Amino acid sequence: MAAHRKSTPSLLGGQAVRTAATLALASAATTTLFEGAGHADPRPTTAQVKARVDRLYQEAGAATERYNGAKEKADEARAAFDRLRDEAARRTQRLNDARDALGSAAAAQYRSGGLDPTVRLVLTSDPDQYLARAAFAEKAGDRQATAIRTVRRELGAIGRLRGESAERLTALRGHEAELRRQKTTVLGKLRAARTLLARLTAEERARYEAATATRNAPAPSARPDATNAPGASASTRADRSSGGARASVDVPDSRAAQAVSFARAQLGKPYVWGATGPSGYDCSGLTQAAWRAAGVSLPRTTYTQINAGQRVSRSRLAPGDLVFFYSGISHVGLYIGGGQMIHAPRPGAPIRIAPIDEMPFAGATRVG
């Protein structure tokens, strides 16, 4: 007989099961709600936004200098490639001329019956005609030999030029790719900064602008310290009428004075990344243009400008010196005395006078 087992009775009745399930779902929803609330990013304070934006601007500035360096190399590679291409074109024209000369000689020989000039010379019975033809044949032979040598020389030169051109073109494409990468980096950093600033309320934005202006304002007690520099003029003074905001310094070096004068004339113009003027500048573009106005050629980037002259200590700064900031040498200004510099700070901030202690000091260079 088949064995029958009793079904095990349910520990919970139908109503109890439904009640337990409802409570479990409610508990899970409550837990999820509180966990979600616990992990939600709190709204950043104005100070936090400012710190993040400042960091993004600094990173954008560093990327801008890398972009400037890549652009300088790309421009050099493009100019070298163009020179090689022009030289190849000239060589090709000379090659064509030499080939034409050989072709003309071959055609003349064919029209004369194809006889060797020496054979024709021997068959001449007239002594005068003999001498004339002998001189002509000798000259023709020399010209033909010269034309052949020219063809060989130009062919070799064109081959070398083509090889060099290919190398330059490869380098140019590499620099252009680097340009695109750095441009993407710069634009990404600036876009992230604008997004952060857009999250601020009008009141928070006002506080942010006030904090930025306070940081960049020169100290009222700032005094020109160019007297620490060797040969500084005794008439060095501060312009008290503007509260020290525009420390007026007599610069003993005429070229340094020209550079400072040029930089002052740019005050208020916008920061434009990658720009060298005249309507806008980035930081190294401004210092390069200032010293160019004084007749001194500086390289394009901060990390090359710092090696363009004699290093000087902070205590011996004189007007016209280049002052550099951050460990990566990613920012530069033009020192004007009194602990102040003229610089192009960042996007949205015009060229202005600021204290050199607003950023981590990295070094200084005296040019000119």
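**Briefing on the predicted model**

The largest share of the lining of the second largest pocket comes from α2, which gives eight residues. The structure is a predicted model, and the mean pLDDT of the protein is 76.

- The volume of the second largest pocket is about 310 Å³.
- Its lining is made up of 24 residues, of which Tyr57, Gln58, Tyr326, Pro345 and Arg346 are the closest to the centre of the pocket.
- Two or more lining residues come from each of α2 (46–111), α4 (127–198) and α5 (202–216).
- Sorted by class, the residues of this lining are 12 nonpolar, seven polar and five charged.

**Asn68, a residue of α2**

- Helix α2 also contains Asn68.
- Is Asn68 buried or exposed? Asn68 counts as buried because its relative accessibility is 2%, and the limit for a buried residue is under 20%.
- Leaving out residues up to four places away in sequence, Asn68 touches Gly274, Asp282, Ser284, Arg300 and Thr301.

**The nonpolar cores**

- In soluble globular proteins, nonpolar side chains tend to be buried together.
- The largest nonpolar core in this model has 26 residues, and those that touch the most other members are Trp291, Leu322, Leu334 and Ile342.
- Two or more residues of this core are given by each of the helices α6 (254–265) and α7 (283–293) and the strands β2 (322–325) and β3 (331–337).
- Of these elements, α7 gives the most to the core, namely five residues.
- Another core, of 13 residues, lies apart from the largest one, and its members include Val49, Ala60, Leu190 and Tyr208.
- Leu322, in the largest core, has contacts beyond its neighbours within four places in sequence, among them Thr287, Trp291, Leu298, Val332, Leu334 and Val367.
- Further contacts of Leu322 include Gln305, Gly333, Gly363, Ala364 and Thr365.

**Confidence of the prediction**

- A pLDDT of 70 or more is reached by 65% of the residues of the protein.
- Residues 1–13 have a pLDDT below 50, and this stretch has one contact in the model beyond near neighbours in sequence.
- Over residues 219–248 the pLDDT likewise stays under 50. For this second stretch, the model has 60 contacts beyond four places in sequence.

Terms used
Residues numbered from 1 in each chain as written. Predicted model: local features only at pLDDT ≥ 70, side-chain atom pairs only at ≥ 80, totals over all residues. Heavy atoms only, no water. pLDDT = per-residue confidence, 0-100. Contact = heavy atoms within 4.5 Å. Core = buried A, V, L, I, M, F, W, Y, C linked by side-chain atoms within 4.5 Å. Buried < 20%, exposed > 50% of the residue type's maximum accessible area, 1.4 Å probe, protein only. Helix = DSSP H or I, 4+ residues; strand = E, 2+ residues; numbered from the N terminus. 1 Å grid on protein atoms, 1.4 Å probe; cavity = no way out; pocket = protein on both sides within 12 Å on 5 of 7 lines; lining within 4 Å. Points joined across faces, edges and corners; volume = space filled by probe spheres on them. Nonpolar A, V, L, I, M, F, W, Y, C, P; charged D, E, K, R; others polar.
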